[in-house]
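Here is a friendly walk through one structure, meant to be read with the model open beside you. Let's look at how some of its parts meet.

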Amino acid sequence: MRGGERGPGSRAPRGTAEEREARLARALVAPALATILLVALFPLLWTVWESVHLHDLRMPWLGRPFVGAANYIEALGDPRFWGALAHTLLFTAATVTLELGLGCVLALAMNRAFRGRALVRAAVLVPWAIPTVVSALLWRFMFEGQSGIANTLLVQAGLVGEPPVWFIRTGLAWVPVVLADVWKTTPFVALLLLAGLQNIDASLYEAARIDGASPWRQFRHVTLPLLKPAILVALIFRTLDAFRVFDLIYVMTGGGPGTSTEPIALYTFNSLLQNLRFGYGSALSVIVFAITFALALGYIRFLGAGLTETRA
Amino acid sequence: MALGCGPAPSGGPAVVTLPVSVLGAEGQVLRRQLARFAELRPDIRVVQRPTPDAADQRHQLYVQWLNAGASDPDIVQLDAIWTPEFAAAGWILDLGRFRPATDSFFPATIAANRWRGRLYAMPWFVDVGMLYWRTDLMRAPPATFAELERSAARAMAAHDLRYGLVWQGARYEGLVTVFSEYLGGFGGRILDGGRVTVSSPAGLRALTTMREEIYRHGIVPPSALTWHEEESRFAFQNGETAFMRNWPYAYALMQDSAESRVAGRYAVTTMPAGPGGRPTAALGGAQLAINARSDQPEAAWSVVEYLTRPEQMLERARGVGQFPTRPALYDDPALARALAIPPAQARAIIEHAEPRPVTPVYTQLSEILQIDLHRALTRQQAPAAALAHAAREMQALLDRVGLGEGGAVAGR
């Protein structure tokens with residue numbers, strides 16, 4: 001506080017008021033800050049503490065000794081961990097790319113004036129409103145067995161001869177999983193981008209048209225730069241969500257066949273709650289936290305410049 | 001909650017808490033039994049604690065309670081594979097002091113409840129893996145895996161069936177129970193004391209047989225690799241398959257001709273065997289154990305002893321079709337009236353029951369095995385490589401927690 005740095009003699013009445021105001025502000029903010037500390041920081045620190053201990057609920061005779069980085073070292077030498085990390089990255093890259101592309105197309109379409117636009121906007125949100133577990137089950141049923149809807153359609157269209165069993169093939173099992181996620185979350189991305197589109201001044205397009213810019217150049221040089229903040233928000237939300245994917249895959253494949261669709265969150269869940277290895281599971285959780293945190297920081301750093309520019 | 005845990009005030013009844021499934025017919029049977037117990041023993045009051053039916057959730061709840069040192073509940077209902085885990089953790093009482101008459105139970109059900117030579121839980125009812133076969137499609141069930149393949153293929157061709165045989169092939173505990181039956185059928189074992197023996201010629205034959213049933217003989221559908229018990233039952237009761245491996249629960253359900261197309265046209269027997277093995281049935285079921293921190297161990301034992309009496313087992317058989325754990329009951333005509341399955345058939349299968357590896361880390365071992373079995377069955381890995389990998393990981397786990405004896409034996 002600048003007011004506090006001045007000598008006591010030079011303290012002006014205004015400074016005291018400022019100080020008082022600052023004190024009041026601190027007092028008002030304190031409960032919120034304490035709540036954040038309690039619900040965010042405390043569990044995080046607790047997890048970190050667990051992660052440097054051996055804590056196996058199933059084997060109480062091993063005690064609960066401090067083991068330093070042993071849990072982290074085990075994770076780094078665990079092929080299942082690296083597999084899970086690779087699956088998570090693959091899933092994140094595939095779904096976020098598709099969702100952003102499709103979401104952009106949907107948003108541009110919904111931004112045009114046409115009859116029934118309000119209805120379309122509401123209808124687009126339906127997949128987003130369905131609970132993930134329910135939509136995961138729906139998609140599983142569509143792809144399950146040799147006579148699911150997906151296989152029936154593919155065979156009728158003559159695209160495949162012998163209907164595949166999607167969930168027992170390493171590569172194929174990803175198809176329904178990615179489709180389900182894209183189906184469910186594209187509307188969310190579309191709405192975020194639509195909000196961004198509506199903030200763009202129509203006169204900019206007018207000016208561009210007068211200068212003879214083609215629709216593509218309008219999109220490239222007017223829409224895209226001005227949409228950057230909305231894209232950034234969508235990217236952050238979707239990347240972090242996709243990175244922590246759990247329920248969708250838990251319901252659809254359970255991580256199988258083998259462990260070939262197992263994401264890091266599912267492996268963490270298995271270690272923590274199935275095998276009750278609190279130490280190792282916590283180490284995995286801390287690693288996931290570190291990665292998502294770094295991702296968020298990275299986004300803000302590389303794309304955030306645009307964010308502040310457009311706001312200025 | 002706290003009211004249930006304290007020691008009984010002198011003169012008042014001792015309070016014993018029992019976590020149970022309170023849903024459906026099973027809850028009703030238990031309520032009747034406890035009401036009769038209350039008349040018999042007015043000095044003991046049994047309080048029921050509703051708990052989830054799903055095994056995973058129940059396990060998690062128990063571990064939380066017992067790990068926290070709670071004296072409530074006094075009695076716990078355990079799955080067949082949990083007893084060693086809870087015993088090794090010191091969470092349940094050694095029942096030796098009550099001198100239970102272990103001779104009057106099936107030996108396999110007692111073996112599953114022993115840890116380091118001591119008995120920790122009483123078998124309440126028994127579940128076994130069995131082979132369902134269609135009596136209208138063949139005269140006798142197959143005794144060997146080779147015969148099973150032949151009659152399945154023949155039935156598929158002659159009766160235009162979609163499948164020959166169905167089992168539970170999804171990556172979960174069920175897959176390990178099916179595999180353990182094939183493995184026993186070829187004379188192999190998953191574990192021998194502290195040594196992992198799954199990567200053996202018998203293990204390889206068992207896994208290869210399962211894989212060839214899918215890809216070479218075409219009798220098991222590839223989609224069975226995503227199936228649990230119910231999907232298999234639907235295939236069998238819709239008349240789509242000649243054989244099914246499943247638990248006893250399916251028997252009574254499929255006799256309902258409104259839902260089932262095969263009512264009255266099937267029977268059960270043991271799973272077949274191959275050269276060097278004997279028919280093997282995976283052992284499941286429920287056990288009753290006593291919390292080591294219980295304030296009322298004597299009263300809790302009275303409840304356990306009462307619930308595992310012959311007449312109570314008969315009532316469970318009548319009410320919910322669960323198999324008694326006492327062989328003598330299988331000669332009782334009352335059991336023939338109570339069970340949908342002829343008791344002689346049931347008994348013949350139970351006598352082939354083998355506990356899954358009796359070890360405190362069974363669930364972790366099983367998870368490793370599930371993954372590698374599923375990799376081999378979905379052709380991501382060759383059976384020999386998958387088994388060797390599983391054996392290595394399982395042995396490393398045993399060694400890490402101090403339960404192992406020497407390295408994994410490969411190719412023995």
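This is a predicted model: local features need pLDDT of at least 70, side-chain atom pairs count only at pLDDT 80 or more; totals for chains, interfaces and linings use all residues.

Helix 6 of chain B brings Glu173(B), Leu175(B), Val176(B) and Phe179(B), while helix 14 of chain B brings Ser366(B), Leu369(B), Gln370(B), Leu373(B) and His374(B). Sorted by class, the contact of these two helices has 5 nonpolar, 3 polar and 1 charged residues.

## Where chain B meets chain A

Now turn to the other chain. Chain B puts 21 residues in contact with 21 residues of chain A. On the side of chain B that touches chain A, at least two residues come from each of helix 2 (55–67) and helix 14 (362–377) of chain B. Which helix of chain B gives the most to this side? Helix 14 of chain B does, with 6 residues.

As for the classes, the residues on the side of chain B that touches chain A comprise 7 nonpolar, 10 polar and 4 charged.

## Two domains in chain B

Chain B itself is split into domain 1, covering 2–120 + 283–351, and domain 2, covering 128–280. Between the C-alpha centres of domain 1 and domain 2 of chain B there are 30 Å. Each domain of chain B gives 10 residues to the contact between them.

Look at the domain 1 side of chain B, where it touches domain 2 of chain B: strand 13 (281–290) and helix 13 (343–350) of chain B each supply at least two residues. The most come from helix 13 of chain B, with 4 residues. This side of domain 1 of chain B has 7 nonpolar and 3 polar residues, with no charged residues.

## A closer look at Ala202(B)

To finish, zoom in on one residue. Ala202(B) sits in helix 7 of chain B, residues 201–215. Is Ala202(B) buried or exposed? Ala202(B) is buried, because 23 other C-beta atoms lie within 10 Å and 20 or more are enough to count as buried.

Setting aside neighbours within four places in sequence, Ala202(B) is in contact with Leu183(B), Phe186(B), Gly187(B), Gly188(B), Gly276(B) and Gly277(B). Glu354(B) is 152 residues from Ala202(B) in sequence, and the two are 16 Å apart in space, C-alpha to C-alpha.

Notes. Residues are numbered from 1 along each chain as its sequence is written. Chains are lettered from A and ligands numbered from 1 in the order in which they are written. Domain bounds come from an automatic or database domain assignment. Two residues are in contact if their C-beta atoms, placed from the backbone, lie within 7 Å. Ala, Val, Leu, Ile, Met, Phe, Trp, Tyr, Cys and Pro count as nonpolar, Asp, Glu, Lys and Arg as charged, and the others, Gly among them, as polar. A residue is buried if 20 or more other C-beta atoms lie within 10 Å of its own, exposed if 12 or fewer, and partly exposed in between; C-beta atoms are placed from the backbone.
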